[in-house]
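Hi everyone, thanks for making the time. Let me put the sequence and the model up on the screen, and then I'll walk you through a few places in it.

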Amino acid sequence: MVCRLGTVYFIIMGHHCHHHHHHSIADGNEKKIWIAISANMALTIGQVIGGIVSGSLSLIADAVHNFSDAASLILAALAIRIGRKPADQKKTFGYKRAETIAALINLTTLVLIGIYLIAEAFQRFFEPQAIHGWVVVIVAGFAFAVDLWTAILTYAQSKNSMNMRAVFLHNLTDALASIGVIIAGLSIYLFGWLWMDAAMTLLIAGYILWHGLHELPNVIHLLMNGAPDNINIQDVIQAMQKEDGVENVHHVHIWRMDEQRNALEAHIVIKENSQLDPLKEKLKALLDQEFSIGHSTLEFEHKRCSTAC
């Protein structure tokens, strides 16, 4: 039987020193997002008009995707603003996961749009409609320029944020979709291949689905408190048990509080006559330096009670 010392040590490291850095990144992201929102809303209106005039499904499909981009950008901007709120009594870990929730909504929307476009494209194969190819090419060319610019605008931030990565993927798929629409428009204008409109819509939809389904598991993993991919729990346990004074480590849980912060809770059985405070500091430094775990909750237990209790 193991008897607890009755003291729970909360070891929190690294949060305050990065606080202002995270805020500056979020501020920069939000400004770029609002610029991209304006561009995508203007582009959506232009593409809808162009799609109606030309009769092109692929152009309207691209417009629908652009509208979803604008909506996803608004959601991402709101999530960044919410994520800046400090922790309070109701959200003791803070609001950073608002960005992860936004990423989940955006990626789910991306998948639904892909499924919708596939259904519409198959219908066009059986019911082809007259299309003005030159209108398609002009509008899609303008769309490609805007989509490429907004994708470049959000690329740098997409490396460190699921929220921004979802936004970037929306804009990247739009840029590639615009290239497809241009090809379809040229094929219709030069050769009269009406089927190219539906075929290109299928390719666009397939690419949208691939990206959405590829990113969704990562977002769900974080929301399910999954362990970071780069941290092996057994490696953490073995490293902690190698410290002098540690008899056993059990009841270990590791999860990601958000995309920048890892957390751990564990029970530490210490040997008789071990110095608790120095041991605590060693474990704290080990977790932070070796595994980038900056928030730890450690409950210490003492083996000497195994016979007395």
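Let me start at one residue. Glu 99 is buried, with a relative accessible area of 7%; buried means under 20% relative accessible area, exposed means over 50%, and partly exposed is in between, using a 1.4 Å probe and protein chains only.

Before I go on, the ground rules: this is a predicted model, where local features need pLDDT of at least 70, side-chain atom pairs count only at pLDDT 80 or more, and totals for chains, interfaces and linings use all residues. Residues are numbered from 1 along each chain as its sequence is written, and side-chain values use heavy atoms, with hydrogens and water left out.

Back to Glu 99. Which side chain does Glu 99 meet in a salt bridge? The partner is Lys 96, at 3.1 Å from N to O. A salt bridge here is a side-chain nitrogen of Lys or Arg within 4 Å of a carboxyl oxygen of Asp or Glu. Lys 96 is partly exposed, at a relative accessible area of 22%.

How many salt bridges does a search of the whole structure find? The search gives 4. One of them links the side chains of Asp 258 and Arg 261 at 2.8 Å, N to O, and both Asp 258 and Arg 261 are buried. Another pairs Lys 280 with Glu 281 at 3.9 Å, again N to O. Lys 280 counts as buried at 17% relative accessibility, while Glu 281 is partly exposed at 37%.

Now let me zoom out to the whole chain. There are 9 helices and 4 strands; these are DSSP runs numbered from the N terminus, H or I of at least four residues for helices and E of at least two for strands. The order from the N terminus is β-α-α-α-α-α-α-α-β-β-α-β-α. Of the 309 residues, 48% count as buried. If you take contacts with a separation of 6 or more, 76% of them come from residues 24 or more positions apart, where contact means heavy atoms within 4.5 Å.

The chain averages a pLDDT of 78, and 86% of the residues score at least 70; pLDDT is the predictor's confidence in each residue, from 0 to 100. Where pLDDT is low, the predicted coordinates should not be read in detail.

Of the 15 residues lining the second largest pocket, Phe 93, Gly 94, Tyr 95, Arg 97 and Met 257 are the closest to its centre. For the definition: on a 1 Å grid over the protein atoms alone, a pocket is an open set of points with protein on both sides within 12 Å along at least five of seven lines, where a 1.4 Å probe fits, and lining residues have an atom within 4 Å of a point. The lining divides into 7 nonpolar, 3 polar and 5 charged residues; Ala, Val, Leu, Ile, Met, Phe, Trp, Tyr, Cys and Pro count as nonpolar, Asp, Glu, Lys and Arg as charged, and the others, Gly among them, as polar.

Two more single residues, quickly. Arg 84 sits in the loop between α2 (57–83) and α3 (97–126) and is partly exposed at 22%. Arg 84 and Ala 98 are 14 residues apart in sequence and 9.5 Å apart in space, C-alpha to C-alpha. Glu 215, in helix α6 (residues 195–223), is buried at 11%. Leaving aside neighbours within four places in sequence, Glu 215 is in contact with Leu 107, Arg 165 and Leu 169.

Last, some backbone angles. Asn 273 is not a glycine but has a positive phi of about 70°. Asn 273 lies in the loop between β3 (262–270) and α8 (276–291) and counts as exposed at 67%. Ser 292 also has a positive phi, near 55°, and is in the loop between α8 and β4 (293–302).
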